[in-house]
Amino acid sequence: MIPNPMKTMATIGVTSMQEGEEDYMFRIALNVAMRNEFQVMPDVCTDGGNDKHFFSFTFRGRKLFAAENEIGGLTIMLPE
């Protein structure tokens, strides 16, 4: 089953990137960037590359990862 990109969570490391910005606006921008990349990913990858279950994307010059989580959505996290 493909993860639902409308059910997103972010790790504390990602949310610390806000730098004084309103939480609501930050999350909207983050989710738009993630969903844009989600749309171009294949449903399932058989060659070891990215797919809709695990992929990377860039947000404000930082590389982030999105991975399927236990609730059928995606968790956005830093690569460290």
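S56 counts as buried because its relative accessibility is 18%, where buried means under 20% relative accessible area, exposed over 50% and partly exposed in between, with a 1.4 Å probe and protein chains only. The structure is a predicted model, in which local features need pLDDT of at least 70, side-chain atom pairs count only at pLDDT 80 or more, and totals for chains, interfaces and linings use all residues. Residues are numbered from 1 along each chain as its sequence is written, and side-chain values use heavy atoms, with hydrogens and water left out.

S56 belongs to strand β2; strands (E, at least two residues) and helices (H or I, at least four) are DSSP runs numbered from the N terminus. Apart from residues up to four places away in sequence, S56 touches E37, N50, K63, L64 and F65, contact being defined as heavy atoms within 4.5 Å. In β2 and β3, 6 bridges join the strands in the antiparallel sense; two strands pair if DSSP finds at least two bridges between them. Within this pairing, L64 in β3 is the residue opposite F57.

The hairpin of β2 and β3 has 2 residues between the strands. R60 is located in this loop and has a positive phi, near 50 degrees, although R60 is not a glycine. Most residues other than glycine have a negative phi. With 47% relative accessibility, R60 is classed as partly exposed.

The largest nonpolar core comprises 16 residues, and L30, M34, F55, F57, F59 and L64 have the most contacts inside it. Two or more residues of this core come from each of α2, β2 (54-59), β3 (62-68) and β4 (74-77), and α2 contributes the most, with 5 residues. A nonpolar core is a set of buried Ala, Val, Leu, Ile, Met, Phe, Trp, Tyr and Cys residues joined through side-chain atoms within 4.5 Å. Beyond its neighbours within four places in sequence, F57 contacts L30, A33, M34, E37, R62, K63, L64, F65, A66 and I76.

The whole structure contains 1 cavity of 30 Å³ or more. On a 1 Å grid over the protein atoms alone, a cavity is a set of points where a 1.4 Å probe fits but cannot get out, and lining residues have an atom within 4 Å of a point. The largest cavity holds about 40 Å³ of space, a volume being the space filled by probe spheres set on the points, which are joined across faces, edges and corners. Its lining consists of T8, M9, A10, R27, L30, N31 and I76, with at least two residues supplied by each of β1 (8-10) and α2 (23-40).

Conventions. 1 Å grid on protein atoms, 1.4 Å probe; cavity = no way out; pocket = protein on both sides within 12 Å on 5 of 7 lines; lining within 4 Å.
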